[in-house]
Amino acid sequence: MSIIEAKDKISSVTESISQKTNSIEQIRYGCAIGAMQSVAAIPRAIPITHCGPGCADKQFMNLAFYNGFQGGGYGGGAVVPSTNASEREVVFGGAERLSELIEAGLEILEADLFVVLTGCVSDLVGDDVGSVVSPFQERGVPIVFAETGGFKGNNFTGHELVTRAIIDQYVGDYAGAKTKGLVNVWSLLPYHNTFWRGDLTEIKRTLEGAGLKVNILFGPESKGVSEWKAIPKAEFNIVLGPWLGLATARHLEQKYGQPFLHVPVLPIGAKETTDFLRHVADFAGLTTKSAKRKLESFIRKEETRYYKYLEDFTDFYAEYWWGLPAKFAVIGDSTYNLALTKFLVNQLGLIPGRQIITDNPPDEFREAIRGYYHDIAEDVSTEVEFEEDSYAIHQSLRQTNFGHKPPIIFGTTWERDLAKELKGVIVEVGFPTSYEVVLSRSYIGYRGALTLLEEIYSIIVSGSA
């Protein structure tokens with residue numbers, strides 16, 4: 001048997017097994033308890049996990065370490081306390097062990113907020129975690145709980161459960177006045193999105209430059225729990241992305257009477273960012289002459305800087321355009337997938353070859369997401385696929401017609417070998433990103449788009465795949 005015949009045989013067997021078991025190969029998200037990383041993204045907040053041994057460590061290593069090597073932060077990584085539930089807890093329940101863990105954690109850990117997250121073991125056994133946590137809450141301990149067993153969904157689902165738990169159990173009721181110009185931002189999933197720290201920093205910078213005050217809530221630019229306490233004081237909420245954060249915004253609308261603005265496309269580049277800021281300013285009612293002057297002055301300054309760099313870039317592009325990729329594919333979560341597709345089409349004139357969304361968005365949002373791709377540009381419409389299985393994703397990419405030029409793939413570490421097979425290049429833009437060390441890098445807004453351009457064309461010129 002030749003090598004080619006052997007490969008075909010293995011591929012056929014793999015496909016047969018995949019179809020029979022309905023398995024998912026190389027999944028692109030974590031379990032619901034992976035929302036422990038959302039807690040770790042809040043300055044001076046610490047998650048406490050009530051789960052089986054190894055669950056918390058695996059979530060950290062997958063979502064934070066082997067994904068840009070982001071580190072654990074103040075309360076993540078090796079700091080996270082866990083009950084490491086064993087057979088004893090399965091038989092007799094783990095409530096007592098959890099109570100002991102919380103008590104011990106309060107003695108040795110300093111935090112402004114503790115969040116208890118449950119895993120599959122405790123949720124299946126039926127531990128009443130609320131009854132364990134409530135005595136600590138009555139003592140004035142800043143602690144909340146969220147039931148995040150794996151069968152509840154993935155870490156996107158867990159993120160929404162955690163944010164709601166903090167709002168309802170810690171922030172609480174509010175009937176006071178609103179702060180003029182204050183907004184809450186709900187956008188990228190911390191840690192799962194490899195560039196969330198830099199991106200949230202850029203979102204806050206641009207919104208403040210436009211004249212607003214911002215509760216960014218997660219990351220190094222957040223003031224921590226004081227921002228969460230200030231959530232009810234905001235005039236409105238901004239949901240920045242196709243679907244994540246909408247459930248939270250709807251809940252806040254009911255709880256505090258706050259309206260929300262849904263902006264489906266994360267802005268990348270001058271045009272999208274300028275349109276975004278003007279849209280937000282209109283919604284916020286920034287209509288006075290001074291407010292408009294501040295907004296337009298900020299936009300003018302940012303656009304001047306952006307297009308000056310872009311002008312210099314055109315010398316390179318004009319010289320090498322004949323050898324650059326013409327078609328692209330994007331494989332990743334819906335927020336980055338949509339934003340990148342729109343930027344690549346409208347700013348760089350590239351042709352969409354394949355778009356595959358991997359974060360398993362709820363069915364109720366999928367038709368709207370498809371509609372966004374139908375309106376990528378005035379004369380460009382494309383289809384999008386929803387797929388979680390890497391085997392199926394890679395088969396789809398192999399069957400894509402990328403034309404006579406090598407493609408450029410915006411994906412993950414799991415697409416690196418495939419990019420070589422297709423004689424293309426890869427830019428890692430999502431979970432897992434294991435060949436990039438990411439500190440404060442951003443790919444959105446005015447400044448992030450320039451960084452993205454550098455990354456794309458440096459990889460193309462070097463021929464790295």
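Helices (H or I, at least four residues) and strands (E, at least two) are taken as DSSP runs and numbered from the N terminus. The structure is a predicted model, in which local features need pLDDT of at least 70 and side-chain atom pairs count only at pLDDT 80 or more, whereas totals for chains, interfaces and linings use all residues. Residues are numbered from 1 along each chain as its sequence is written, and side-chain values use heavy atoms, with hydrogens and water left out.

Five strands form an open sheet with parallel pairing, in the order S10-S9-S8-S11-S12, where two strands pair if DSSP finds at least two bridges between them. S10 and strand S12 (425–428) are the edge strands, each pairing on one side only. Strand S8 (residues 327–332) runs parallel to strand S11 (residues 408–411) and is joined to it by three bridges, and Phe 328 stands opposite Ile 408 in S11.

Ser 381 is located in the loop that lies between helix H15 (363–374) and strand S10 (385–386). When residues up to four places away in sequence are not counted, Ser 381 touches Tyr 373 and His 374, contact being defined as heavy atoms within 4.5 Å. A polar atom of the Ser 381 side chain lies 3.3 Å from the backbone oxygen of His 374.

Tyr 320 is found in helix H13 (residues 289–320).

Definitions and conventions. Polar contact = N/O pair within 3.5 Å; in protein donor to acceptor, adjacent residues only side chain to side chain.
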